[in-house]
Amino acid sequence: MGSFAVACSSPSSKDNGGGSGPKGEKSATNPFGVAANSTVEAAIFDGGYGTDYVDYTNQVLGSQVKGLKVKVDPVVDIAPQLQPRFVGGNPPDLIDNSGEDQIGFLGILDQLEELDDLFEANTYEGKKIADIVYPGVKDPGTFRDKFVALNYVMTVYGVWYSKTLFEENGWTPPKTWDEALDLGQQAKKKGKYLFVHGKEAATYYRTLLIDSAIKEGGDEVRLALENLEKGCWSHPAVQGVIKVMETMVRQKMFVPGGSGTQFQKAQAIWSNDQKALLYPSGGWIENEMKKATKADFQMTGFPSMTLTDKPALPWESLRAAAGEPFIVPRQGKNPAGAKEVLRAMLSEKAAANFSKTKLAPTIVKGTVPADGYGSTALVSQTKMLEAAGTNIFNYMFVETYGMNTDQLVPWNSFLAGDLDGKGLTSALQKISDKVREDDSVDKVKVS
């Protein structure tokens with residue numbers, strides 16, 4: 001009853017949302033008071049995941065609210081197409097605010113429904129939604145303490161390899177950077193390299209650096225970087241990883257020419273040609289490279305390496321974050337219906353369908369079978385999440401301040417051997433300092 005009272009009195013759930021459409025009676029199976037036989041207009045980003053997984057919810061919606069349907073409109077350029085509708089007061093009921101042209105959240109924050117009552121509601125299987133999702137999934141959708149975006153897809157960051165190739169050679173995935181160095185020497189003996197990089201994705205190694213440094217040094221590393229502190233790139237944990245990477249570059253453990261190679265072609269050197277043993281990436285890598293991966297590759301992931309065998313966070317810790325943010329505009333005609341579509345997407349049936357067809361986990365735990373629908377990469381993502389437990393972290397400063405383009409320049413130079421570790425550190429610090437000292441940039445304090 002306490003949860004129900006809070007939900008009913010919150011601004012996000014008054015009058016079943018801010019829309020002027022028909023209303024229904026609230027009940028255990030209709031927590032948002034959706035009108036029967038109503039329609040939800042959904043503008044869904046037509047990117048790597050397509051839009052059919054939202055269409056799929058029509059197969060489960062009617063079981064809870066009679067006649068409720070979602071009409072999906074695929075959209076590529078979200079902001080150019082939908083911002084005018086916000087201005088006009090007639091936005092769609094549900095939006096997947098994703099892609100390069102997503103609408104800035106802070107600019108429309110006051111026009112969005114808060115979604116706390118969604119997490120207080122039960123799933124179609126009768127379980128509280130807050131209890132069946134991974135830890136921290138609210139964080140990337142919370143702005144100025146308002147939870148307004150449901151990020152649906154769970155992205156797991158790690159290091160990827162061919163289980164088949166490793167078993168053939170008796171190799172073991174490294175847990176520390178010293179073990180990775182040893183593996184690089186073994187790779188050389190087989191005429192192979194440890195790593196490969198492509199010019200547009202050179203900063204994947206920044207992700208690997210930061211993940212490793214946070215595991216080694218703990219929250220103080222993450223917070224220093226997030227808050228753009230002076231000297232944040234000189235933290236001992238960060239420098240320790242950079243030093244090992246510099247050694248690997250100097251010892252020619254990276255496939256040469258990567259800074260002039262398109263990133264998917266570079267990735268194919270790993271996934272198809274198998275000239276490199278390891279590749280750091282997010283869980284999207286299997287789906288992205290499915291047409292350029294050697295047969296029986298058995299793509300498998302593991303958490304980033306640590307500097308020592310006694311890091312601040314356990315080796316199983318990993319960066320994982322919810323992505324693909326869904327928002328519900330207050331002025332939509334059927335915001336209650338939009339929330340019901342999100343509730344349907346969080347059902348076991350809909351979540352399992354997404355993982356089966358997109359080879360990626362949703363934020364719903366326990367919906368990927370042991371065989372991962374035949375995907376070894378999906379199985380390993382699920383295992384990594386389970387092993388990490390509550391030791392899951394994320395950071396957003398690169399995306400928040402749009403730093404990636406600037407950081408690509410020094411990272412490509414560093415991985416090509418044209419810039420040493422000291423030069424990389426200086427360049428990265430200058431990029432952080434520039435943002436910190438720019439008064440025109442709105443800063444986000446992370447704690």
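This talk goes through some helix contacts, aromatic pairs and single residues in one predicted model.

First, the ground rules. The model is predicted, so local features need pLDDT of at least 70 and side-chain atom pairs count only at pLDDT 80 or more, while totals for chains, interfaces and linings use all residues. Residues are numbered from 1 along each chain as its sequence is written, and side-chain values use heavy atoms, with hydrogens and water left out. Helices (H or I, at least four residues) and strands (E, at least two) are DSSP runs, numbered from the N terminus.

I start with helix α10, residues 204-217. α10 has 14 residues and reaches 20 Å from its first C-alpha to its last. That is close to the 20 Å expected at 1.5 Å a residue, where the expected span is 1.5 Å times one less than the number of residues. Of its 14 residues, 13 are buried, so α10 is largely enclosed by the rest of the structure. Buried here means under 20% relative accessible area, exposed means over 50%, and partly exposed is in between, with a 1.4 Å probe and protein chains only. After α10 comes Gly218, with a positive phi near 85°.

The next helix is α11, residues 219-226. The axes of α10 and α11 come within 6 Å and cross at roughly 135°. Axes are lines fitted to C-alpha atoms, for helices over the stretch in contact, and angles run from 0 to 180 degrees between N-to-C directions. α10 and α11 are therefore oblique to each other. For the cut-offs, angles under 35 degrees count as roughly parallel, over 145 as roughly antiparallel, 65 to 115 as roughly perpendicular and the rest as oblique. On the α10 side the contact uses Ile210, Ala213, Ile214 and Gly217, and on the α11 side Asp219, Glu220, Val221, Arg222 and Leu225. Contact means heavy atoms within 4.5 Å. Sorted by class, this contact has 5 nonpolar, 1 polar and 3 charged residues. Nonpolar covers Ala, Val, Leu, Ile, Met, Phe, Trp, Tyr, Cys and Pro, charged covers Asp, Glu, Lys and Arg, and the others, Gly among them, are polar.

Now another helix pair. Helix α9 (residues 177-189) and helix α12 (residues 236-250) have axes that come within 11 Å and cross at roughly 5°. That makes α9 roughly parallel to α12. Trp177, Ala180 and Leu181 of α9 meet Val241, Val244, Met245, Thr247 and Met248 of α12. The classes in the contact of α9 with α12 are 7 nonpolar, 1 polar and no charged residues.

On to aromatic rings. How many aromatic pairs does the structure hold? There are 22 aromatic pairs. Rings of Phe, Tyr and Trp (its six-membered ring) pair if their centres lie within 6.5 Å; planes under 30 degrees apart count as stacked, over 60 as edge-to-face and the rest as tilted. Tyr53 lies in helix α2 (residues 52-55) and Phe326 in strand β9 (residues 318-327), so the pair ties together parts that are 273 residues apart in sequence. Tyr53 counts as buried at 3% relative accessibility, and Phe326 counts as buried at 0%. Elsewhere, Tyr157, Tyr204, Trp270, Tyr279, Trp284 and Phe297 form one aromatic cluster.

Next, helix α16, residues 348-358. Its buried residues are Ala350, Ala351, Ala352, Asn353, Phe354, Ser355 and Lys358. These buried residues pack against α2, β6 (149-162), α14 (285-288), α15 (335-345) and α17 (376-388). Just after α16, Leu359 has a positive phi of about 55°. Leu359 is also among the residues that Gln381 touches, not counting residues up to four places away in sequence. Gln381 lies in helix α17 and counts as buried at 1% relative accessibility.

Last, a few loop residues. Asn37 has a phi near 60°, positive in a residue other than glycine. Asn37 lies in the loop between α1 (2-9) and β1 (39-45). Gln274 also has a positive phi near 60°, in the loop between α13 (263-271) and β7 (279-282). Which of these is buried or exposed? Asn37 is exposed, with a relative accessible area of 56%, whereas Gln274 is buried at 8%.
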